[in-house]
Amino acid sequence: MEAFATFLLNFVYVSAILALVALGLAMVFGLLGVMNMAHGEFVMLGAYSAYVVQTAQISFFWAIPLAIFVSAIFGFLIEWSVIRHLYNRAFDTLLATWGLAILIRKGVEVVFTRDYKSVNQVVPGTVELFGVNYPAYRLILISIIICIFVVLLLWYQRSKVGLRVRAMVQNPGLAAAIGIDIAILSRVTFVIGVSTAGLAGALLAPLVRVEPYIGLDYLLSSFFILVVGGLGSIEGLLIGSTIIGGTDAVISTIFDKTAGYMSVLIISILFLWLRPDGIFYRR
Amino acid sequence: MTEKVLEVDNVSGGYGDLKVVKEISLDVYEGSANGVTGRNGVGKTTFLKLICGALPLLGGHVRLYGRIINRLPSHSLFQLGISYAPQESIVFDGLTVQENLTLHYSSSNLDRYTYVFKKFPRLKDRLQQKAGTLSGGEKKLLSFSRAVSEPTNLVILDEPTEGVQSDNIILMAQVINEEKVKGRSFLIVDQNITFLEAFSDRVHLFDHGEQTYHTDGPNFRNDIEKRILI
Amino acid sequence: MAFSIVVKLSLLSLLIAFPFVTNSYSAYQLGLYLLYGIVGQGIALCWGKGGFLPLGQALFFGIGAYISGLMLQNDVGWGLVIVTLSLSIVIPFLLAGVVGVLVFNRQIGSGPYFSLITLALALVGFQLANSQVWLTGGFNGLTGINGLPNIDSFGSLYFVIVGALVLTTIILSKIMGSPFGLLLEAVRENEERLQFLGNNTSWIKAAAFAISGGIAGLAGAFFAPHQGIVTPQVLGFILSAELVIWTAVGGRFGLLGPVIGVVLIGFLASGLRDAFVYWEVIVAFVFILVVLRLPGGIGAIGVHLSRKIGLNFHSYGEISERSRSVPEVDKIITRELKFEEVTITRGSVVILDKLSFKIEGLGIQCLIGPNGAGKTSALNALTGKLEVDSGEISWCGGSLNNVRPFQTLSLGIGRKFQVPSIFPNLTIRQNIDLSLWVNRLKRNQLLSMVPYTWKSDLLEKLEEVFPFISDKSLIAGSLSVGERQMLDFTMTVLSEPSLVLLDEPCAGLSKAETETMIKAIADLSKSSKSMFIIVEHDMQVVELLSDNVLVMHQGKLIAQGSLAEIRSNKDVQRVYAGGTK
């Protein structure tokens, strides 16, 4: 029973983190059609923001605004200098953002060197839940992630800007005809998307080794989630995260880490091949 | 004569380097309506897209109150006072009717639409319904209602009557005539000559991407019909 | 042509002279870059020519490297080395071919899914190489790999690699200049049109991908003796991505571009590495600039410059005049098209509503009706573009319900779309060649030059009607709408189908062009043994051409007969009244 509760909590935790990490990529790819290969680098920037806050010896709380600020600035610059010229050219966004990813990685390496940094655990200790002692920070993370999703979902569904974003995605020509500046709206969407990646990085920083190359893994797992869940819906994103997270967790427990990762890869290939529009796609 | 609102001067253009519309000129005056008609595939829709900034010009100029507007992005044309209802993809299918009508304004109130709702009560009944579930004719009505109710001086409509019931077509013509009296101008592409006849001050006939004929009436129907074999 | 040979020969002599003018270490480095360049050539074949991007090319390179590494761990003679080399080519070739067929058969188009699948496969390969320690040595890789027998890995192996590069360049340029190469380019330009010219495009793409896999395997096979060690990195994600970057920077539209890209970036990197630790920043900048400003890569500058000074770099199209008549095509004798209660619905929309009619014999059938009547949909159903929900479509007795677009021409059905659909970046001659080959090009002629010389009586006749199509070297994209319609029409009829479907052949034409087109259609229908179905709005055209008129409205047939009968038909008048009244 305890083992099962632990497994269940781990499962929820892993899926929640995956969903958070993939959220930004889903927004940028699903809404703007940009294959952002530098997505993982924004997660990395967020993690380094947490490290900077720790070095400055101020409260970890400040890592969150700093991470959002840093990734928003980078996102803005990248959109303005590169991405805006490449909308509707998916392959080119893929190539250009791959170059950008190298730039960001190397830039961070210049400032922080290649060494691993560690960010201290901010909320140590455990909490008893369903009869098991579970790390408190993980529980806090789960609740923060739920909050982030609720806020973004409300923004997307209820706010005027969210409404216009949906309109732009459905029918960009008509949106422009009724006076909506789709260039600015795309930029806002891109910046918000990468900012969520930065936020994810800051939140995950205490749990991982922070180094310039961590972005790649986040990029790949985010892609897998999108592949399985399909683009354009929050439900798809959540289902994708649970399928990917769940498969990985179950297979890794039964066999080993490699088998878990392999099964994720194989599921992704099958989806790309047989259901390229994701699990919810209906004709 | 009254002030010239829109001046289309030798406009050519199309898709990529494909020239579909060839050197077309026409003027739209304050408080008047111009109709454009012709067979399918003669460049009427392309012509409107060129004027509304949805396609780049390959030649010529478009002026709004004397100012050249053909290099401006579509969204600023709306801000300069042009509302446009395209022929295809005319509504946001995934949004409700109310959202379709209000998304580009800061408030969601529907005061602007009181007048058209009186004419087309069906729309008011369907405010909370997703626009994608409307029939083709209802979508056209929605698109028409939005375009004529914007605070713009010039309204450009592309095939507004396609799939619309005949009694509603009559009401559409009424709305246009009433708006004309308020000093607004219209440029309307349609294949229904009865409809164009009801409000147009001038009708232009397009063929093979060129303007082959235009008439100021009063015998629109005969003038045009004898130039289109059945 | 001559110029490009001069360029290639001087580059080759530079490569051969390289070890003598520099030091052996530089030559050793260059050898590695050339191996990557060979992989890049394969990427160029798929991406530059075929328009689909393989993102996991290191997988095939790595498989080749592991096969040859495993073999060369033992002391082997040349006999076994040859076997090893063949395996290193054949296994990746087959693997890529199978993946290609499986993926492309399910998905038409060159979207990102194929690229992502190849990427994921490279990741799988990396994991396997890492975990199957017994075979691959795991994370530490295969070590103690010997050089090729009697060949010094730091010396003469370089010349072997140059030889391999020459070989791949010759083979690939032969492939690109063959009918297969033109078909591959046509896939990139307009895959749908190529299907309606009777080609199963998924096989074409899969074959190109297989070739690129085999070539990558060959490069990998030399990588093992060259480096003496093979680690899982050789088939990973990073190398895959770098290979694409090098190819993009160098230029993906030719065979020299990818090699130049790898060599330039390679030496730039090794030069910078000592002077500037973060040299990759510069490489990344160059790369982003290339994507933004120079989509053809550095190689494109060379081609552009040589054009400017009046030299032609084009690899084909200069082949001899047309001299051979096309092979005969089997002709269908009976001509009978039948729609029986064909119904198609999509969501709540009824597109075709129990559409039934039967037409037979020669002559021109005009299909008219108001917008949205289902005319184009009927043609779509007939050519496998739209799935039929119920009812039966048959042509000369055979059912067309499950036909796929690329099969229609082998049944004698040719189709021209409403919007002129041609291959814009190919020359007029190439556009015409593609249509002359329909039903005539045998599989064994795919790599032969003979089909380029074909001519046909019909082509000569059409060249008289549309004189512009005899301008061979003109790029089709520079034609006007009217000329494109005419070229598209020419392409549709050149395969001499028994049933010609023309969707608004006069749309977008000027008055004079319309007359030319009408005359061409009328002449052709008199001299050929084909049935024509024309969808048309222009009643003038209908009046001049039709032997029989079919009127559709709301997915149904409402009248059929001569134009006079149609004009006096009450139902038809009622339907059309909405249009002009």
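Trainee: In what order do the four strands of the open sheet in chain C stand, and is the pairing parallel or antiparallel?

Mentor: Strands of a sheet pair through backbone hydrogen bonds, either parallel or antiparallel. Here the order is S3-S2-S5-S6 in chain C, and the pairing is antiparallel. Strands (E, at least two residues) and helices (H or I, at least four) are DSSP runs, numbered from the N terminus; two strands pair if DSSP finds at least two bridges between them. This is a predicted model, in which local features need pLDDT of at least 70 and side-chain atom pairs count only at pLDDT 80 or more, while totals for chains, interfaces and linings use all residues. Residues are numbered from 1 along each chain as its sequence is written, chains are lettered from A and ligands numbered from 1 in written order, and side-chain values use heavy atoms, leaving out hydrogens and water.

Trainee: Which strands of that sheet stand at the edges?

Mentor: Strand S3 (349–360) and strand S6 (398–399) of chain C do; each has a single partner strand, so one side of each lacks a neighbour in the sheet. Eight bridges pair S3(C) with strand S2 (residues 336–346) of chain C, and C:Ile344 has C:Leu352 in S3(C) as its bridge partner.

Trainee: What packs on this sheet?

Mentor: Helix H14 (residues 375–382) of chain C does, touching S2, S3 and strand S5 (390–395) of chain C, with its direction at about 70° to that of S3(C). Axes are lines fitted to C-alpha atoms, for helices over the stretch in contact, and angles run from 0 to 180 degrees between N-to-C directions. Contact means heavy atoms within 4.5 Å.

Trainee: What is the strand order of the open sheet in chain B?

Mentor: Its six strands run S6-S7-S8-S3-S9-S10, with mixed pairing. The twist averages 15° from one strand to the next. Strand S3 (residues 33–37) and strand S9 (residues 202–207) of chain B run parallel, joined by four bridges; B:Val36 is paired with B:His204 in S9(B).

Trainee: Is A:Gly179 buried or exposed?

Mentor: Buried means under 20% relative accessible area, exposed over 50%, partly exposed in between (1.4 Å probe, protein chains only). A:Gly179 has 15% relative accessibility, so it counts as buried. Beyond its neighbours within four places in sequence, A:Gly179 contacts B:His75, B:Phe78 and B:Gln79.

Trainee: What average pLDDT does chain C have?

Mentor: pLDDT is the predictor's confidence in each residue, from 0 to 100. Chain C averages 86, and 94% of its residues score at least 70. Over residues 311–317 of chain C, though, the pLDDT is below 50. Where pLDDT is low, the predicted coordinates should not be read in detail.
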